[in-house]
Every structure is written in C-alpha cells, then in structure tokens.
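Welcome to the tour! Open your viewer, get your selection tool ready, and follow along stop by stop.

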Amino acid sequence: MELNDLYRDVILDHNRRPRNFGGLESADASIEGFNPMCGDRLTLRLKLNDDTISDIRFEGQGCAISTASASMMTEAVKGKSRAEALELFDRIHQLLTDDDAPPADELGKLAALSGVRQYPARVKCATLCWHTLSTALRSADLKSLGAVSTE
Amino acid sequence: MNNIALARDHSRFDVDAVRREFPILARMVRGKPLAYLDNGASAQRPAAVIAAVDDYERRHHANIHRGVHTLSQEATALYEGARDRLVRFVNAASRAEIIFVRGTTEAINLVAQSYARPLLQPGDEVLITHLEHHANIVPWQMLCEQTGARLVVAPMDSRGEVHVDAVAALMNTRTKLFAFAHVSNALGTVLPAKRLVAAAKERGITTLIDGAQAISHMDVDVQDLGCDFYAFSGHKMYAPTGVGVLYGRERLLERMPPWQGGGEMILAVTFAKTTYNALPNKFEAGTPNISGGIGLGAAVDFLAGFDRQAAQAHEDALLQHATAVLSKIPGLRIIGTAPHKASLVSFVVAGVHPHDLGTILDEDGIAVRTGHHCAMPVMDFFELPATARASFAFYNTFDEIDRLGAGIERARKMFA
C-alpha cells in the first residue's frame with residue numbers, strides 16, 4: 001500500500017480545482033449527501049433533458065477523496081442517460097469495494113479511484129457522491145428529493 | 001502491580017521505563033514505530049492489566065457473588081477487590097457509592113433515567129455546557145422529551161473556555177440538574193469543576209461530572225469536588241473496554257429506583273413482589289463484566305505505582321511542546337486555546353482535510369483522531385466539519401510530537 005496510490009495526481013488535481021463546483025440555477029433536482037461518520041456533506045444539483053443529464057454541479061465540504069470523486073463523477077456523467085449513469089455507478093461501486101474487480105482502464109480518470117479500495121476507512125468518502133447520484137436517478141419524483149446518508 | 005521506581009524529580013520522569021510497561025507501544029505500523037496519539041479515544045493497556053485479566057481468565061473465572069465454590073469466591077474477591085481500589089482511587093465515602101457500569105455513557109444514562117426522570121416536571125431545566133460530548137447531551141435530550149423538561153446550554157467562549165459566572169447566570173429554581181465535562185474531549189479545556197459544583201450547590205442543584213477525559217490526566221477526589229455524580233470509563237485510564245464507574249452520593253443512590261431489572265440487583269423475588277438488593281448491587285443487574293472490572297482494579301494499582309504529579313508534569317510538558325511545534329506550521333490553527341488544558345491538541349490545517357491528514361499520518365505510523373469527536377455542537381461553534389486531534393498519555397514522547405509535526409508538513413506539501 002502506497003500513499004501515492006491513494007492520492008494519485010489526478011485526485012490531487014481534482015481536489016485542488018474541483019470541476020463543476022458550485023450552484024446550478026433552475027436545476028431539476030437537488031439532493032444532499034451526508035456522511036455522519038466524518039461530517040462530509042455535499043449537494044448535487046442536476047438538469048435533465050428528457051432522460052439525459054444535461055448538467056450537473058456539486059458543492060459542499062469534504063476530504064480530498066470525496067471532493068475529487070464528486071468532481072470526476074460530474075465530468076463523467078454529464079451527457080449520459082440515467083441508465084448509463086447508473087451502470088457507471090455499479091462499475092465504480094465494484095471498483096471501490098471488490099478486490100476482484102476487473103481492470104478499470106476503460107474508466108479513464110475514474111480508474112484513479114481504485115487506490116481507495118486498499119483504505120477501507122476511506123471507501124465511504126469516495127462513494128458518498130455516487131450513492132447520492134444513484135438515489136436521485138432512481139427516484140421517480142426528482143423534485144422532491146431529500147437527503148442521502150452513507151449510514 | 002508495576003514495580004518501576006520512578007524518580008520524584010519531574011525532570012527525571014523515566015518515559016522509557018513507562019513505555020516498556022505497555023507492550024503495544026513496541027509495535028510497528030506500516031513499517032514505522034507506532035506513535036499512538038489517540039489516547040483521548042482509548043488509552044493502551046500496561047502489561048500489569050493484561051496479566052490481571054489473563055490470570056483471572058486462566059485461573060479464577062466463575063460467576064460472582066452467589067457461588068459457594070472456590071472459583072466463584074476467588075472471582076468475587078477479585079471483582080469486589082477492584083471496587084475497593086476504586087473507592088480509594090476517587091475517594092468515595094464507601095463501597096456503596098461505586099457502581100460498575102459499561103462506561104461513561106451508561107453511567108450518564110443511568111442517572112438520567114433513574115435519578116432525574118422520576119424527579120423532573122414539565123418546565124424544569126437540565127443545564128449542560130456547549131462543549132459536551134454527545135454522551136452528555138443525548139441522554140438529557142431523551143430525558144427532556146420524556147418529562148417535558150427543557151435542556152439549557154451554558155456558553156463557552158472563543159477559546160473553548162466555560163466561565164463560572166456565565167453558567168451560574170443560567171441556574172435558577174427550575175434547574176434540577178447540572179451536568180458537565182471535567183475535561184472537553186474535543187478541545188482539551190479543563191473546566192473549573194470545583195467552582196462549578198459550588199455554584200450549583202449554593203442553589204440546591206444536583207451535579208454530574210463527565211470524567212471520561214479527566215480520569216487519566218488528573219487526581220479526582222469526588223468529596224473534594226463535592227459533586228453528586230461522577231462518571232468515567234476504564235478504557236481511557238489503561239483498563240479494558242466495556243467497564244466503567246458511576247460514583248454517586250449514597251444518599252441519592254439510596255433514593256433512586258433500580259434502572260435495569262435482573263439478577264444480582266434483587267434480594268428476593270416472588271411473582272407478587274421483588275425486594276431490591278442493597279447498594280451498589282441494586283444498579284448492577286445481570287452478570288457484569290468481571291474480567292473488565294478486575295482489569296480496572298489492576299489499572300488503579302498500576303497508576304498508584306507512579307508519582308502522578310511527575311506523570312502530570314510530563315503530560316503538561318508534552319502539551320506545551322505540541323502547542324509550540326504545531327503553532328509553527330503555516331496554515332495550522334489550534335482549536336481550543338483555553339489557558340488550562342489537558343494534554344490534547346485539536347487542530348485544522350488550511351488546504352488539508354482532517355481525514356486526509358489522518359490517513360497520511362497513519363502512513364508514518366502516527367495514530368490521531370479525525371472527525372467531529374462526537375461533539376458536533378463544538379464543531380458547529382467553530383464552524384468546522386471536523387478537526388484532527390492528537391491526545392497524549394504519559395507514555396508519549398517529545399520525539400513522537402516532532403514526528404507528528406513532520407507528518408503534517410508532509411501532508412501540507414502533498415496538497416499544496
């Protein structure tokens with residue numbers, strides 16, 4: 001286990017300069033994620049064009065892992081359909097939790113999250129935004145979403 | 001029993017000899033010598049405590065109190081012997097005043113439910129302070145919901161200090177109980193416990209002190225403090241987890257109904273009526289944590305083998321050194337700067353989230369706590385989601401603190 005494997009350059013970069021960070025006017029959905037173990041909070045806001053995520057932004061406070069994960073997630077799912085985004089959620093979940101997960105080359109930047117698997121105490125940091133998104137996308141009534149907790 | 005002869009001269013406190021008493025301190029973590037700076041969460045066990053528990057498990061285990069056979073009598077003698085030690089350790093007036101519980105949390109819940117609940121009327125008030133651990137907030141909130149009483153929170157200032165005047169100003173005829181931490185787990189503040197108790201007593205208010213963080217750092221004399229209840233956990237004072245003590249004034253404990261029903265807390269049961277056992281057993285339903293209690297007794301013996309003044313002087317020196325080392329780090333802010341602190345430092349570093357810092361320090365073998373420390377109102381007060389906390393025991397060294405400083409610098413560079 002190497003610290004550099006957890007804090008890869010791409011993660012440090014997304015922590016320093018989170019993409020799609022801030023509010024989103026006239027969002028179709030807004031949902032909060034909370035990790036009561038550490039106090040990390042984030043709010044995801046998205047716009048949907050029919051079934052496609054046309055825009056997505058996040059804000060909140062969290063560690064480098066949670067910030068970078070959310071930043072890379074927003075980049076990755078923008079322009080994807082709900083089903084495609086949920087498929088990606090499943091793949092990321094597997095990457096973060098399953099030691100036998102296949103190589104993640106096709107995931108591009110997101111593959112950098114694979115280092116988190118070796119740090120069980122930090123897996124929830126990386127998954128918070130993904131669980132939050134998945135809850136939003138699975139919801140029938142996007143406008144009335146509440147809060148998601150990792151516990 | 002430990003048999004290290006420690007010099008009375010504070011400057012010659014032999015920390016290496018103390019460290020040899022704690023087997024775990026010799027361990028490597030991620031290829032580095034362990035620097036255990038999370039004593040506020042749980043302290044480590046000396047060999048004497050481990051041996052006492054081991055000896056009991058190997059040679060004396062049986063259920064206590066009712067057996068006439070040899071093992072039961074031996075186990076009973078060991079367990080009750082531990083209680084005797086605790087009576088002396090906190091200077092209780094009698095054995096009746098030392099109730100074994102699972103820990104501080106259970107002790108506070110016991111007082112809330114057995115002492116306060118039958119007493120409180122709608123409109124009555126329970127007073128706490130802003131710097132409490134959740135364990136000294138939530139049981140009172142539950143109690144208030146049950147009784148219609150109101151929870152009143154005394155303020156702290158920007159240094160994390162609680163002032164007697166500010167607390168006393170909130171005491172009135174409706175205040176039925178005042179519960180406060182002896183030492184803040186999130187900030188390190190030592191509260192002026194004796195003066196706070198005196199202010200409450202003048203007004204006839206019952207007092208409970210959460211001693212979880214104080215018990216390992218200072219001499220606690222419940223009669224000198226004058227409090228009605230004092231709660232602490234074994235595992236923060238070098239004993240096993242799952243055992244702790246509620247000290248209660250006998251006069252109050254006598255009046256209180258049992259909290260849990262079961263074995264040990266009864267004298268006679270028919271289906272019509274149960275006669276409760278005398279103190280302290282009235283509050284000790286069910287087979288207790290016998291090995292834990294014996295371990296706690298051994299921890300008291302262990303501590304009695306030290307010049308505690310010298311140990312405290314060493315801890316104070318660690319606090320001063322840590323404050324100096326951390327203060328030099330650019331972007332680091334110490335949270336909790338009361339003039340009188342126990343040996344722990346809570347801090348945040350600009351640009352480095354506490355959880356990342358915790359992971360990076362762990363890579364260097366350094367164990368610190370990161371998070372809200374079960375004191376979310378304290379975090380809200382300072383408008384922080386979390387802090388990192390280094391909490392020291394008398395076995396920690398200046399070198400470990402220097403390593404902490406270097407580790408923080410490393411994290412800063414990584415995230416710069």
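Two strands pair if DSSP finds at least two bridges between them. Helices (H or I, at least four residues) and strands (E, at least two) are DSSP runs, numbered from the N terminus. This is a predicted model, where local features need pLDDT of at least 70 and side-chain atom pairs count only at pLDDT 80 or more, while totals for chains, interfaces and linings use all residues. Residues are numbered from 1 along each chain as its sequence is written, and chains are lettered from A and ligands numbered from 1 in the order in which they are written.

**Stop one: a strand in chain B**

Select residues 387–391 of chain B, which form strand β17. Which residue of β17(B) is the bridge partner of B:Leu344? Look for B:Ser391.

Next, select β16 (residues 369–371) of chain B, an antiparallel partner of β17(B) over three bridges. Here B:Thr370 has B:Ala388 as its bridge partner.

Turn to the side chains. In a regular strand they alternate between the two faces of the sheet. From β17(B), B:Thr387, B:Arg389 and B:Ser391 point one way, and B:Ala388 and B:Ala390 the other way. All are buried (20 or more other C-beta atoms within 10 Å of a residue's own, with C-beta atoms placed from the backbone; exposed means 12 or fewer, partly exposed in between).

**Stop two: a helix in chain A**

Select residues 82–97 of chain A, helix α4. Find the buried residues A:Ala85, A:Ile92, A:Leu95 and A:Leu96. Looking down the axis of α4(A), these fall within an arc of 90° (taken from the directions from the helix axis to the C-beta atoms), so they line one face of the helix. On the face turned away from the buried side, pick out the exposed residues A:Ala83, A:Glu87 and A:Asp90.

Key: Expected span 1.5 Å × (residues − 1).
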